[in-house]
Structure formats: structure tokens, C-alpha cells
Amino acid sequence: MSKRLTLLQLLLLAFLSISSTESRRPPFACDPRNAATRSLRFCQTNLPIHVRVRDLLGRLTLQEKTRLLVNNAIAMPRLGIQGYEWWSEALHGVSNVGPGTKFGGSFPSATSFPQVITTAASFNESLWVQIGEVVSDEARAMYNGGMAGLTYWSPNVNIFRDPRWGRGQETPGEDPVLAGKYAASYVRGLQSAVGNSLKVAACCKHYTAYDLDNWKGVDRYHFNARVSKQDLVDTYGVPFKACVVEGKVASVMCSYNQVNGKPTCADPALLKGTIRGEWHLNGYIVSDCDSVGVMYDTQHFTATPEESAAATIKAGLDLDCGPFLAVYTDQAIRRGLLAEADVDMALANTLTVQMRLGMFDGEPSAQPYGHLGPKHVCTPAHKQLALEAARQGIVLLKNSGHLPLSTSHHRTIAVIGPNSDVTETMIGNYAGVACGYTSPLQGISRYARTIHQAGCSNVGCNANNLFGAAEAAARQADATVLVMGLDQSVEAEFRDREGLLLPGHQQELVSRVARASRGPTVLVLMSGGPIDVSVAKNNRRISAILWAGYPGQAGGAAIADVLFGTTNPGNLIKIYSIWFTCSMSSFQTFSELFRWYFTGGKLPMTWYPQSYIAKVPMTNMGMRPSRGYPGRTYRFYKGPVVFPFGHGLSYTHFKQSLAIAPTELPVLINTNLFATKNYTTLSTNAIRVKHAKCDSPSLPLQFDVENTGDMDGTHTLLVFSEPPSTVKWSLDKQLIGFRRVHVTAGSVQRVHIDIHACEHLSIVDEFGIRRIPMGAHSLHIGDLKHSISLQAKLEGIKN
């Protein structure tokens, strides 16, 4: 009887849970049960979307239209349309930062993946797609349950130009190609587009040249980014172009700052000209939140608010995150500053995206993703992917041979530092409510007995009164793990860093504990931006350094896995069983029970010394060096570094060699040039990309990657190109491609990379024109160098 009652209780609770979820689900548009709207043309799914949009626009009053220009769009009960909140975030998991998403009830949490800077360090495009797919599954599930929208203003693909930027953690790093590949991959995963339909609508932000929040009294609302045409095309625009052209993103967000004296959200050259005209955005352009108001109130760009409203819409803005356009657009039209047709064009872009999402297709449960619900959020598979993403993103910066740790030799671990037992710190900013956390202390405790001392009360580490206890712990342990670094109190939105050193007394704590430690000392760093840890790098008593970024909800487990060199700590139960049922003499270390396998990443940004920032004010947007200004990122800066872009060690050894490498690549010229008598491209040593036939054959390169060590491992090939020395207006080298390959111990893997002249060997001149230099280009792949000679040829004509 009691068992039956328990079962009935469980069924009742499940029913109440489902009912509560459904009761929170707001009514949907085009309900087939609603006789008043059933026959309306915009509800007819068999009609083309542009026909449906035109029909809906024709039914709206001007007042209704202006209230649809903002993120909290109004309801229109007479048309069966409910209000909609456009603003949701999904930077590295469904977030509750925007008002469009809420946690609670059947959706108490969502999978929180590593912060973007950590995931980018994996250099793994397929991983980025997978994460996007999982995030969109959970987003759709929450939408079906009435807890979220379908428009997510993510990812952030700005270039991590300055190491002090508080939001660098949100980005894929400093390299435009890496950022572009990440952007396109994550967007493809998020949107999971089938034809013209979208699972969710992504948004690439913040366009453009936005990478300063608040530095020495200069904030993003007042900042005018002075950018050369060359840098605008060659650096800042690259990831956005990839997002639109390759990722086919449904939205782009313009930024707070001005670029060369004009607010980005009111610049028709940037919005209509580039995003929609040149790149052919199929979607909408949205402002950063309140940036239209900032343009008028703070930047004083126009004399009246109506003029600001008109300027943004005419420039190509479709949606305002904020109330400004809802307040002033009506008067802008009445004063003749704007035509109603301009508003219709903006609304056509936003309504089209909503229809591509199925928001006017009736009952959500009857749609392709209608089956997704609470059971599809925080699944074991999603949690496992979060763990794997963290493993792949952690970078081994230094190793004198003491890693991986051994569970037989290092049975007691002193775990020390202000980030040693943190949870929320691991998920960085723009995060939601995680499914659960494994802190570094908890992760390491799965492998060994731990002695824990925080050493500092927080990352500010303003006192050293706790250092004695930390030193005592290190003296008692077989090995010491220091988990140090930063958190959102040091680097965050509207909080740029003042320096690159560890905060407060952290550096002192590291040195003192390393000196006291009985065994090897490992330094683990949590941060979004680079840290000058030269003292630790040069300290022989610090055996290894790991950078974990902000590794997500499973970060502690991933850190421990990397420290001990295993991929599957879940197997520890099985291993311990073997351990206790077999004689100790049979197994010297855990490495005899299974192969070591480290999947770590490479740095997606340069780690500069503290002295670097004295030479580069954050307000200087120039990428290239000039007159004592050292330049930025690995592409232009040639001074001393703590760790370079692309740095990352392994627990095994790899040897790479060229298997197939042609030495010549013809560049075919578009013969239509002769019809227009435009011969200028032939008279130079650098052909304009738009004059070349970019569908011409590529150069197939094949590399052999051999694992010469005794551990399985993953190797990341980074391919850089260097233009001919005759090109004076170029960079020294640039990343053109990368491949991540798993190679078992003692084996060889063949890697294929195709080189296209237009995509990989072109560079941007001082006028912002992309050209392909003729002559000898050098490819750099680790220690390998290979020369490719480019020669211009007319199609069908033999030279």
C-alpha cells in the first residue's frame, strides 16, 4: 500500500510540474483554435514568409509599429499576438543576464560551458558547433516551457586587442581568423538552420572596434575609436564578416562607441553598406542596450532625440535594445525626418526572423523542436560535453616533468589559493544558473587526499596573514597545487584591469608556498585575460603552470583530470576496484592501468609582460607599430612576451613533417577586366581579391603528425603565412588555418589542409583593399617552413 501511494505521489508531482510549466507558457500567435486569427494570411504557413510579413505589416497602426521597434515589443491582442522580449543571452550556455530568460520551476538551471576564451583555446571547430547545438536545445526547451525567448544576443566576437579589457574573457581571442572560425561555428550550432528555418536566432556583437569599457576615466559611452581603413578591414571586421557570410547569423549588434567620429548604430556605411550590402545579412541589426539613447544623451550626436531616432533607422538599425525608438520614432515621422516605409523595412527584418523561428506557426509543441522540454536540459551528455570542453581548453604553459601527477607518489595534495574551492568564479560572466559545480578542490579530492588552505580571503589578496597556514599545508603534502588568478571583481564588463600582475599579495603567496612545498608545486591560473607570471615561470621550484581560463561548471574536474593526466575520472571506481583486488607489486602507478591522454589547448592570446602596458594606452586602436608604439597582438608586436599566442605544451612529444606540399599556386585573373579595360590589377605585384577568380583550384597540403612519446595525445597544427618581403604595407605573419588531431602513442596521422589564395594568402593594404601579393609566400607550421610561389595567370591563356 505504501509503495502504491509513493508512486501515485510521484505521478501527481510530475503532473503538477508539467501543469505549472504549461501555465507559465504565454499564449502563442496564430493559434488555430482562435477563430479571429485563423484565417489571417500572416498565419498561413503555406505562404512565403515575405508575403506573410507584408500582410502583418499592413494590419499595424503606426503606434503599434513604433512599439515593435524595441526589445520589449508590445502585445497586439486584436491580432492574437503576445508581447515578446527579444533580449536573451547564450554566450556559453543559456544565461539569465537578459530579461527574456528566467530560471525556476521545471527549469532550475542550464548547462554552463567554459567561458568563450577557454573554449577558443581548444582550436576545435567541431567542439564549438557541438556546444552551440546543446545550448540551442536547452534554449528551445526553455522557450517551450515559457521561460525563455528564441533570440539570443550571442556570441561576442570582438578582437581581444588589449590585455586589460575586462570583457576579453567573452571573446575567442586576439586573432581575427580564430575569432571568425569560432563565430561561424558557434552560430551554426546555435541556429541549427534547416533551409530558412532557425532553431534559435544568434547575434554577433559588438560591431565594431569595441574593446574598451572603462579605462582611466574613458568609458565605452564616450569613446571615439579612431581606426584606420586597413585595421577596420584587416582586423576588426574579419570575425563579423565570417559570422554573417559563413555562419549566416540572423543578427548583428552595433556597439556603444563611435568609430572615426560617428556612432556605429548611426553609420549607414557600416550597417547598410557593409553588413547588409556587402555581406548580405539575412536578418536584423540591433543596438547594444540603450546605445541609441547614449548616442543622443551622452555623445550629443544630434540636436534632438527625433533626429537620433531617424538617423539610426535610416542607417539600417532595425531594433533598439531600450525604449528610445518607441518614444521618439513617431515624432520623427511626423516631423518629416523619417518615412513610415523606413520603419516598415526595419520591422520586415525583425518579423522575418520571428517567422523563420516559427513564432507565427501556431502551437509550439507541433513544431520541429516542440518535443524539447525539461528532460533535455542538464542531461548527462550535456554535462559530459561541458567537462570535455574544459579539458580541451586548459593550456599547459610550463612543465618541468612533474606533470602528470601520480596517484601512487602524490597521495596527499595541498590545495591552496583563493580560487581553489570556487564555484561561480569558474563560469565567468554572462552565465546562467549552472547544473552543478565541481570546484578544483573537489576535483582533486577524487584522486588524492587533500589539505586545503585558501591563503587569501579573496582574489584581491590584500593581506598575508593566512600565508603561514598555507606554507604549513605545503610542507605536509606530496605535491602542492596553487589555484590563483582573477575573477569578476578584477575583470568584467565596465571593469578594465589596471595591470597584468596577480592582484594584491598573490605573487608573494605563490613564491612562499613554492619555497615551503615538500613536493612539486603546480600553479593553476583562472582568468579571462593574460597575467604576467614571469616570476613563477622563472622559479625552478614551480614545476608546472596551467591556465584554465574560466572553465565552466565542471572546471574543477577538468583541472584535476589534466593534473593527473586522465580523460575519464569516472573510471576511478573501476580502477580502485582493480587496485584493491590486485597486488601492489602488479601496478607501480596508475599509468599502468590506462594510457595517459591530455587534450589541452593553445593560448588564443599573447601574454605580455607588465612593462608592455606602459607603452600602449587602451585608447590607441592601432594594430601596427609606429614611433615607439609597439603594436598589438602576435601579428604586429615583436617585443618580449611571457607566453606567445599559440603556446601550449603536451604530456607527449609530436613530430610533424610535410608529406605533400606543392610549391606553386596559380592565381587566375577574371577576364572580364579586359572587357572593362581595367588593367590596373595586372600592373602591380598584388592583385585585388575582387579581380581574381576565387573559385580557382586550391593548394593541397598534407602533413604527417607522429606521436613519438609513450602517451596518447592531441596535437594542434597552427598554420601561419608570411607574405613576400617586397610587400611593405603588410603584417609579418598571420594565422590562416588550424587542425586538431588525436594521435595515439607511436602512431602517425595524416592531416589535410587546403590553401586558397583569396582566403588565406591575401592581405589588406593601407587603403583597406584586400589584395593577393604575387611572389614567394612562406608557410610556418611549428618548426617547418614551406615556400609557395604565386603567379598571376589569365584563365585559358598559357604563360
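Analyst: In this predicted model, the link of C694 and C758 is left-handed, with -85° about the S-S bond. The two cysteines lie 64 residues apart, C694 in the loop between β20 (686-688) and β21 (699-707) and C758 in helix α23 (residues 757-760).

User: Why is the pair of C694 and C758 called a disulfide?

Analyst: Their sulfur atoms are 2.1 Å apart. A disulfide requires sulfur atoms within 2.5 Å, so the pair qualifies.

User: What makes C694 buried, partly exposed or exposed?

Analyst: C694 has 38% relative accessibility. Buried means under 20% and exposed means over 50%, so C694 is partly exposed. C758, at 14%, is under the 20% cut-off and therefore counts as buried.

User: What is the partner of C204, and how do you know that the two are joined?

Analyst: C204 is joined to C243, with an S to S distance of 1.6 Å; this is within 2.5 Å, so the pair counts as a disulfide. C204 is in strand β3 (residues 204-207) and C243 in helix α8 (residues 238-245), 39 residues apart.

User: Why are C456 and C461 called buried?

Analyst: C456 has a relative accessible area of 2% and C461 is at 1%. Buried means under 20%, so both qualify. A disulfide joins them, S to S 2.0 Å.

Key
Residues numbered from 1 in each chain as written. Predicted model: local features only at pLDDT ≥ 70, side-chain atom pairs only at ≥ 80, totals over all residues. Heavy atoms only, no water. Helix = DSSP H or I, 4+ residues; strand = E, 2+ residues; numbered from the N terminus. Buried < 20%, exposed > 50% of the residue type's maximum accessible area, 1.4 Å probe, protein only.
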